[in-house]
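Please read the numbered points with the sequence and the model side by side.

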Amino acid sequence: MKYLTEYRNLEATQQVIRQIEKVISRPWKIMEICGGQTHSLVRNGLLELLPEEVQMIHGPGCPVCVTPMQLIDLAVELMQKGVILCSFGDMVRVPGSSISLQEAKSRGGDLRILYSPLEAVRIARENPDREVVFFAVGFETTAPANALSVLQAQKEGLQNYSILVSHVLVPPAMEGILDDPYCALDAFLGAGHVCAIMGYTQYHPIAARYKIPIVVTGFEPLDLVQGIYRAVLQLEKGEYRVENQYARAVTEDGNLAAQKVIHQVFEVADRQWRGIGTIPDSGYVLREDYSAYDASKKFSLEEELGTESGECIAGAILK
């Protein structure tokens with residue numbers, strides 16, 4: 001399959017690793033931002049194949065992993081109140097303070113695992129006497145579809161549909177890590193799927209301010225080792241700029257149509273990250289014009305959110 005099999009080619013991957021071995025002269029700490037990148041590094045044995053001088057630091061990971069326990073507890077509470085809760089499958093086993101969504105389902109809660117938030121809109125249409133809430137978790141990547149579900153519900157005049165928002169943003173998290181006094185990172189691998197939506201113009205000021213290379217990569221083995229090679233080359237030369245390894249899917253400006261719908265429905269606000277605490281301006285919330293579709297307001301959940309204590313970001317990640 002084009003753009004897949006050639007990026008899983010073992011010989012090509014090993015060739016790039018040999019190039020890394022030739023140019024690297026000292027240890028470098030490189031953080032991959034996304035859990036998908038981490039999964040690929042581990043699944044394909046790349047951590048064992050890379051030279052020992054390359055130390056991969058696993059970043060905040062994925063938006064599911066950093067969803068605060070309080071939000072999961074609130075989602076469970078909604079199910080206990082008879083709400084139809086819709087979610088992507090990767091969210092259902094993440095524990096809250098007591099139980100997960102899956103456990104709540106086993107106790108009689110109505111949980112629907114979906115592939116698209118637009119399916120949740122359909123469920124709301126088919127169940128006019130039930131409240132339907134979509135658990136909107138994700139990086140910037142899933143924000144367009146979640147925003148579109150709100151616009152579709154508004155278009156259809158559905159008053160029984162809302163979303164419980166837990167969107168987190170990548171650039172503020174990167175800055176939070178770099179601002180931490182314990183941070184010892186040398187380079188970042190940017191998450192290709194996020195940049196496919198948002199582009200990478202936001203990363204230029206970060207690279208310049210913190211003097212750190214940022215290489216946007218895909219998720220296949222060859223993508224990752226090429227990204228690491230580009231980062232190592234910059235580090236060895238004392239350079240720091242943004243590079244795009246994932247040019248087959250990412251442009252500098254990103255998907256402008258997707259960004260437009262995001263900014264129409266959402267605005268930036270502070271966001272809690274599980275195990276880290278609150279990072280300023282690191283998440284999306286619904287704009288006031290769409291507050292009728294905000295589950296936290298609709299069900300008066302805002303007072304229950306509170307704050308989640310955390311430690312220094314780099315300390316939480318690196319220890």
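**Notes on the sheets, the pocket and selected residues**

1. Strand 10 and strand 11 run antiparallel and are joined by seven bridges. Within this pair, Glu267 stands opposite Val285 in strand 11. Strands, like helices, are DSSP runs numbered from the N terminus (helices H or I, at least four residues; strands E, at least two), and two strands pair if DSSP finds at least two bridges between them.

2. The model is predicted: local features need pLDDT of at least 70 and side-chain atom pairs count only at pLDDT 80 or more, whereas totals for chains, interfaces and linings use all residues. Residues are numbered from 1 along each chain as its sequence is written, and side-chain values use heavy atoms, with hydrogens and water left out.

3. Contact means heavy atoms within 4.5 Å; axes are lines fitted to C-alpha atoms, for helices over the stretch in contact, and angles run from 0 to 180 degrees between N-to-C directions.

4. Seven of its seven residues are buried, so strand 5 is largely enclosed by the rest of the structure. Buried means under 20% relative accessible area, exposed over 50%, and partly exposed in between (1.4 Å probe, protein chains only). In a regular strand the side chains alternate between the two faces of the sheet. Here Val132, Phe134, Ala136 and Gly138 point one way, while Val133, Phe135 and Val137 point the other way. Strand 5 runs parallel to strand 3 (residues 84-87), with three bridges between them, and Cys86 stands opposite Phe134. Strand 5 is also parallel to strand 6, to which seven bridges join it; there the bridge partner of Ala136 is Val165.

5. A second open sheet should be noted: five strands in the order 2-1-7-8-9, with parallel pairing. Strand 2 (54-61) and strand 9 (242-244) stand at the edges with a single partner strand each, so one side of each has no neighbour in the sheet. The twist from one strand to the next averages 25 degrees. Strand 7 (residues 187-191) and strand 8 (residues 214-217) run parallel and are joined by four bridges; Gly190 stands opposite Val216 in strand 8.

6. Which strands of this sheet does helix 2 touch? Helix 2 packs on strand 1 (28-34), strand 2, strand 7 and strand 8, and its direction makes about 120 degrees with that of strand 1. Helix 8 (residues 170-179) lies across strand 1, strand 2, strand 7 and strand 8, running at about 150 degrees to strand 1.

7. The second largest pocket has a volume of about 260 Å³. Of the 16 residues that line this pocket, the closest to its centre are Cys62, Pro63, Val64, Asp90 and His193. Helix 2 (35-43) and strand 5 (132-138) each supply at least two residues of the lining. On a 1 Å grid over the protein atoms alone, a pocket is an open set of points where a 1.4 Å probe fits, with protein on both sides within 12 Å along at least five of seven lines; lining residues have an atom within 4 Å of a point. Grid points are joined across faces, edges and corners, and the volume is the space filled by probe spheres set on them.

8. Two residues illustrate buried positions in helices. Ile20 lies in helix 1 (residues 10-23) and is buried at 0% relative accessibility. Beyond its neighbours within four places in sequence, Ile20 is in contact with residues including Leu50, Val54 and Tyr229. Thr38, in helix 2, is buried with a relative accessible area of 15%.

9. Finally, Asp281 in strand 11 (residues 277-286) has a positive phi of about 50 degrees although it is not a glycine. At 46% relative accessibility, Asp281 counts as partly exposed.
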